[in-house]
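Hi,

Here is the structure I promised to pass on.

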Amino acid sequence: MSGRSSGSSSPVAPYLQVAPLAIVMIAMVGIPLATVVLLSFWESDGISIYPAFTLANYREVLTSPVTLSLFLKTLQYAAITLVCTALIGFTCSYFLVFHVRDLKWQIGLFLLCTIPFWTSNIIRMVSWIPFLGREGLFNGFLVQMGLTSAPLDVLLYSDFAVILTYVHLYTLFMIVPVFNSMAKIDPNLVEAARDAGARPWQILCYVIIPLTKTGLALGTIFVVTLVMGDFFVVRVMSGGQSASVVSAMKNEIDQLYYPQASAMAVLLIMVVLLMVSAVLRIVDIRSELAR
Amino acid sequence: MSTKGSKTSGVGRAGITRRDILKGSAAALGAAAGSGVIGAPVIWAQNIKDVTLNQVGPSYSVIADIAQKASADLGFKIVAQTAETTALMAKTVSQPETIDIADYEFWGLQKAWRSGKLQPIDVTKVKEWSKMTPLMRDGKSFDGKDMSRQGTLPFKVLYTESADSKEFAKGATNFATVMPTIFNADTLGLRADLIKRPVDSWAELFNPEFKGKTALVNIPSIGIMDAAMALEARGDLKYADKGNMTREEIDKTIEALTALKKAGQFRAFWSTFDESVNLMAAGEVVIQSMWSPAVTAVKSRGIDCVYQGMKQGYRGWGLGMGLMRHLEGLKLEAAYEYLNWYVSGWQGAFIARQGYYSSVPETAKANLTPNEVGYWYDGKPASEEIKDPYGAVMDKAGNSRDGGSFEQRMGNIACWNTVMDEDRYMIQRWNDFVSS
């Protein structure tokens with residue numbers, strides 16, 4: 001009897017098992033995505049959209065010098081944010097795993113990292129504005145201490161402010177996977193390395209970092225996709241002085257140029273997919289997770 | 001016993017009235033067999049209470065307090081829902097059934113009318129149409145001359161030829177695309193306490209003296225107009241029509257803006273009302289594009305912010321209420337009743353206290369105190385404190401409104417908020433500028 005239920009006689013079973021996720025994915029991801037792709041080939045005159053097949057939207061997006069500068073800018077944000085979050089995430093996790101030996105303390109400190117995430121993204125972002133502004137707390141402090149004669153303008157409404165906010169908002173997405181893979185490292189390995197005469201930096205480079213690769217890769221995927229898809233942080237923290245791919249898209253959507261925005265969206269999806277698949281090629285996340 | 005008695009008599013009364021009305025309406029229907037409409041409101045009065053009208057538009061026009069007052073006065077329900085013009089356009093095109101009445105800015109209407117999702121308004125059904133200000137109704141200024149046609153002059157998009165036309169009529173007809181409601185003259189806001197000298201030209205926006213302390217609005221179609229006003233005032237560029245630039249003019253404008261941006265002229269480009277208020281209140285900028293209520297909001301924090309009229313003139317804008325195509329029968333009648341209520345004075349007085357003008361100033365003034373009329377419309381010093389619509393004090397006795405009287409402000413419009421023919425190209429170049 002048991003053989004029947006688990007074995008040959010019900011070839012439908014795996015399909016049924018997959019169905020709930022498949023249905024959700026098709027409805028929530030597949031159909032909207034297909035719509036965007038379809039729309040990117042249609043025509044628009046700024047108010048109505050006409051079903052047609054035109055490559056004009058792609059031609060416009062691909063030949064415009066703005067597109068390149070937007071992508072470069074967005075990639076620059078993503079790269080700097082990635083480096084910062086990776087350094088902070090790695091250091092925090094390293095401290096939690098290898099210096100805090102007591103499990104209770106580990107969990108307690110880890111939870112401490114998540115406290116800022118109990119409030120909304122927007123509040124955490126906006127709270128930087130009165131802090132960094134020209135008449136803000138930090139500038140007031142600098143001027144009072146005599147460190148600068150005039151308030152620093154570069155602190156707010158600048159690329160610095162944008163990246164600071166990204167790092168603040170997204171570091172946890174790096175800490176969690178890195179902590180997770182670091183915690184799985186067998187302490188005996190580190191001890192063995194030390195017994196074999198490895199120096200601390202050698203242990204770090206040849207034992208810990210390779211074994212933390214999965215976490216770093218997962219964190220990279222989170223951080224990069226979050227930054228690439230953002231427009232709100234860029235708009236608010238750069239004071240509208242910088243644009244990202246999505247903020248330019250938003251300008252087009254606001255003026256009802258959906259097909260052009262769709263073409264840009266398709267391009268963005270392709271770039272992000274390429275980046276994610278590059279990460280996946282370097283690190284085999286599936287096999288490492290199963291470890 | 002007494003309650004029971006009154007109940008029964010109540011039912012009796014109701015029965016009689018209902019019967020009477022039915023009889024009456026039957027008679028009216030019979031009498032007005034051909035012309036139909038005359039008898040209709042009598043029957044509809046029964047169920048007009050069940051009507052709900054969804055009014056959608058920008059936050060400075062669709063205000064919950066106004067919808068509430070209208071619902072109380074009219075007996076049917078107005079639901080206010082805010083959506084900025086860009087979002088409203090999207091809604092009009094893709095989900096027209098979710099809107100009954102759309103509050104359109106004229107530049108948005110210029111785009112949205114072509115969709116055919118709105119129906120024209122029969123001006124003969126708007127009682128106060130004849131009292132409407134010629135600024136809106138005829139496109140004429142106070143001295144009877146034509147107003148500036150740079151940009152979307154409301155008159156250009158106010159009329160259509162027939163009930164199904166998707167085009168605009170050249171002159172006045174009986175089919176209005178929308179019923180004009182509120183309008184104003186926009187200019188630059190500045191921090192008088194930080195600038196400390198008189199400012200009277202748009203050119204000051206790009207004055208190196210204010211380097212790193214200016215801001216532009218990041219709505220491409222409006223931001224580029226403010227920039228054009230300033231560039232023209234500086235003598236850098238000359239436009240045939242700031243409201244409808246050629247590609248070459250757009251290129252030159254964007255180049256000039258990019259150079260200014262690289263030189264560090266701008267502190268920010270704001271997108272929302274509160275951003276503009278905070279930039280000004282926090283001292284991040286001293287001169288910038290601004291809306292009138294934003295200046296009021298900064299002022300109410302005790303900061304000396306001025307909405308400075310410039311010698312080159314103002315950038316005008318206005319809004320009208322449009323009826324969606326799907327409205328018919330009882331709902332359409334209710335919508336007309338609402339339109340008529342809207343210009344009957346209460347709403348005009350409410351928005352006057354926010355610094356906007358009503359399309360029928362006569363009824364609005366009748367609902368304001370003489371002190372308020374003096375301050376808001378006549379540019380006279382206030383004889384007592386001036387309060388905003390919610391009762392907060394916003395100006396002291398003895399002060400007068402920035403820019404002066406209604407005639408001085410609206411008579412000096414240099415251009416109107418608009419959508420250009422080269423809109424698509426302009427937005428592309430604007431993105432170029434912002435990302436430079």
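Before the strands come up, one convention: two strands count as paired if DSSP finds at least two bridges between them. Also keep in mind that this is a predicted model.

By that rule, β5(B) and strand β7 (residues 175-176) of chain B are a pair, antiparallel and joined over two bridges.

Some context on chain B as a whole. The chain has 17 helices and 18 strands. Of its 436 residues, 47% are buried. Among contacts in chain B with a separation of 6 or more, 68% are between residues 24 or more positions apart.

Chain B also has a five-stranded sheet. This one is open too, with the order β11-β10-β12-β9-β13 and mixed pairing. Its edges are β11 and β13 (305-308) of chain B; each has a single partner strand, so one side of each has no neighbour in the sheet. From one strand to the next, the twist averages 20°.

Going into that sheet strand by strand:

- Strand β10 (residues 214-217) of chain B runs parallel to β11(B), and four bridges join them. Here Leu216(B) stands opposite Phe269(B) in β11(B).
- β10(B) also pairs with strand β12 (residues 287-289) of chain B, in the parallel sense and over two bridges. In this pairing Ala215(B) faces Gln288(B) in β12(B).
- Helix α11 (residues 292-299) of chain B lies across β9 (188-191) and β13 of chain B, at about 160° to β13(B).

Is β11(B), an edge strand of the sheet, mostly covered or mostly open? Mostly covered: five of its five residues are buried.

β11(B) turns up again where the two chains meet. That contact takes 29 residues from chain B and 26 residues from chain A. On the chain B side, α4 (85-94), α5 (106-112), β11 (266-270) and α17 each supply at least two residues. Which of them gives the most to the side of chain B that touches chain A? That would be α17(B), with eight residues. Sorted by class, the chain B side has 13 nonpolar, nine polar and seven charged residues.

The axes of helix α13 (residues 245-254) of chain A and helix α17 (residues 423-434) of chain B come within 10 Å and cross at roughly 155°. Angles over 145 degrees count as roughly antiparallel, and that makes α13(A) roughly antiparallel to α17(B). The crossing of these two helices, α13(A) and α17(B), is right-handed. On the α13(A) side the contact is made by Ala248(A), Asn251(A) and Glu252(A), and on the α17(B) side by Ile427(B), Trp430(B) and Asn431(B). By class, that contact has three nonpolar, two polar and one charged residues.

Leu256(A) is in the loop between α13 and α14 (258-282) of chain A. It counts as buried because 25 C-beta neighbours lie inside 10 Å, and the cut-off for that is 20 or more. Leaving out residues up to four places away in sequence, Leu256(A) touches Gly46(A) and Ile47(A), along with Met89(B) and Ala90(B).

Two residues are worth checking for their backbone angles. Most residues other than glycine have a negative phi. Tyr157(A) is not a glycine, yet its phi is positive at about 55°. Tyr157(A) is found in the loop between α8 (137-144) and α9 (159-183) of chain A, and it counts as buried, with 29 C-beta neighbours inside 10 Å. Lys196(B), also not a glycine, has a positive phi of about 60°. Lys196(B) is in the loop between α7 (192-195) and β10 of chain B. With 8 C-beta neighbours inside 10 Å, Lys196(B) counts as exposed.

Cheers

Key
Residues are numbered from 1 along each chain as its sequence is written. Chains are lettered from A and ligands numbered from 1 in the order in which they are written. This is a predicted model: local features need pLDDT of at least 70, side-chain atom pairs count only at pLDDT 80 or more; totals for chains, interfaces and linings use all residues. Axes are lines fitted to C-alpha atoms, for helices over the stretch in contact, and angles run from 0 to 180 degrees between N-to-C directions. Angles under 35 degrees count as roughly parallel, over 145 as roughly antiparallel, 65 to 115 as roughly perpendicular and the rest as oblique. A crossing is left-handed if the near helix is turned anticlockwise from the far one by less than a right angle, and right-handed if clockwise. Two residues are in contact if their C-beta atoms, placed from the backbone, lie within 7 Å. Ala, Val, Leu, Ile, Met, Phe, Trp, Tyr, Cys and Pro count as nonpolar, Asp, Glu, Lys and Arg as charged, and the others, Gly among them, as polar. A residue is buried if 20 or more other C-beta atoms lie within 10 Å of its own, exposed if 12 or fewer, and partly exposed in between; C-beta atoms are placed from the backbone.
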